[in-house]
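Here's a quick tour to read with the model open beside you. It goes from the overall layout to one helix, then to the core and the aromatic rings.

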Amino acid sequence: MTSSRQQFGTALLIALLLHGVLAAWMALSRPEPLPDPPRTFNLNLLMPVAEKTVAEATPLPTEPPPKPKPKPLPELPLPQEPIPLDPPPETVTAEPPPAVAETAAPPDAAATIRYEQLLVAWLEKHKQYPRRAKRLRIQGQGMLRIRIDRSGHTQLVALEQRTGNRMLDKAALDMARRANPFPPFPDGDPRRELEFVVPVVFALR
């Protein structure tokens with residue numbers, strides 16, 4: 001009888017131990033609760049993109065650009081015009097009679113040379129060196145083209161070649177104006193007018 005009780009107590013003890021071990025194992029092996037899934041939200045990007053596309057596709061009307069102003073033409077130096085001084089007499093422009101033209105004798109060569117030298121000396125006599133150009137020691141050489149009638153009055157005065165300085169160019173033209181009228185043609189010279197080119201030198205000594 002005593003042996004049966006001992007066996008029953010041993011069996012009960014083993015059963016309790018097994019139950020405790022099973023309970024502990026179940027407690028350890030229980031899966032941890034999963035975290036709550038994150039909350040999600042929907043973002044509609046179609047509307048801003050569509051509005052931006054429409055805004056870019058239909059720009060606001062702008063004022064038309066102003067018409068470009070025409071560029072001013074560059075100022076060009078005026079051509080040197082002949083300077084008529086005294087109107088030629090009416091008798092100079094008249095055509096000579098045919099009989100006079102046929103009987104006109106050629107001018108004497110020596111007399112022509114003397115007369116041309118007289119014209120150059122007469123022109124040189126009326127030359128004036130500009131004071132400012134002389135003070136600044138400006139020098140130059142040009143050419144004058146002059147046409148005179150039989151009485152020595154100038155019909156044309158122009159710069160054939162510039163001196164390289166405006167003051168000297170003006171002085172050369174003024175010299176020809178002051179020299180008007182030139183000495184008249186010598187007797188026996190049948191020419192109606194004479195056109196010649198003479199150098200004009202402005203040099204400091």
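## Ground rules and layout

Helices (H or I, at least four residues) and strands (E, at least two) are DSSP runs, numbered from the N terminus. Arg-131, for instance, lies in helix α6. Residues are numbered from 1 along each chain as its sequence is written. This is a predicted model: local features need pLDDT of at least 70, side-chain atom pairs count only at pLDDT 80 or more, and totals for chains, interfaces and linings use all residues, while side-chain values use heavy atoms, with hydrogens and water left out.

The chain comes to 7 helices and 3 strands, running α-α-α-α-α-α-β-β-α-β from the N terminus on. Buried means under 20% relative accessible area, exposed over 50%, and partly exposed in between (1.4 Å probe, protein chains only). Arg-131 is exposed, with a relative accessible area of 76%.

With 17 residues, α5 reaches 25 Å from its first C-alpha to its last, close to the 24 Å expected at 1.5 Å a residue (the expected span is 1.5 Å times one less than the number of residues). Its buried residues are Thr-112, Tyr-115, Leu-119 and Leu-123. They cover an arc of only 75° around the axis, so they sit on the same side of α5; the arc is that of the directions from the helix axis to the C-beta atoms. An α-helix has 3.6 residues a turn, so residues three or four places apart point the same way.

What do the buried residues of α5 pack against? They pack against β1 (140-149), α7 and β3, with contact meaning heavy atoms within 4.5 Å. On the other side of α5, Arg-114, Gln-117 and Lys-125 are exposed.

## The nonpolar core

A nonpolar core is a set of buried Ala, Val, Leu, Ile, Met, Phe, Trp, Tyr and Cys residues joined through side-chain atoms within 4.5 Å. The largest one has 26 residues, and Leu-123, Leu-144, Ile-146 and Ile-148 touch the most other members. At least two residues each come from α5, β1, β2 (154-161), α7 and β3, with α7 giving the largest share, 6 residues.

Leaving aside residues up to four places away in sequence, Ile-146 touches a list of partners including Leu-123, Leu-156, Phe-182 and Phe-196.

## Aromatic pairs

Rings of Phe, Tyr and Trp (its six-membered ring) pair if their centres lie within 6.5 Å; planes under 30 degrees apart count as stacked, over 60 as edge-to-face and the rest as tilted. The whole structure has 3 such pairs. In one of them, the centres of Tyr-129 and Phe-202 are 5.5 Å apart and the planes are at 90°, so this pair is edge-to-face. Tyr-129 is in the loop between α5 (109-125) and α6 (131-135), and Phe-202 is in strand β3 (residues 193-202), 73 residues apart. Tyr-129 is buried at 18% relative accessible area, and Phe-202 is buried at 1%.

Phe-182 and Phe-196 also pair edge-to-face, because their centres are 6.2 Å apart and their planes are at 85°. Phe-182 lies in the loop between α7 (166-178) and β3 and Phe-196 in strand β3, so the pair ties together parts 14 residues apart in sequence.
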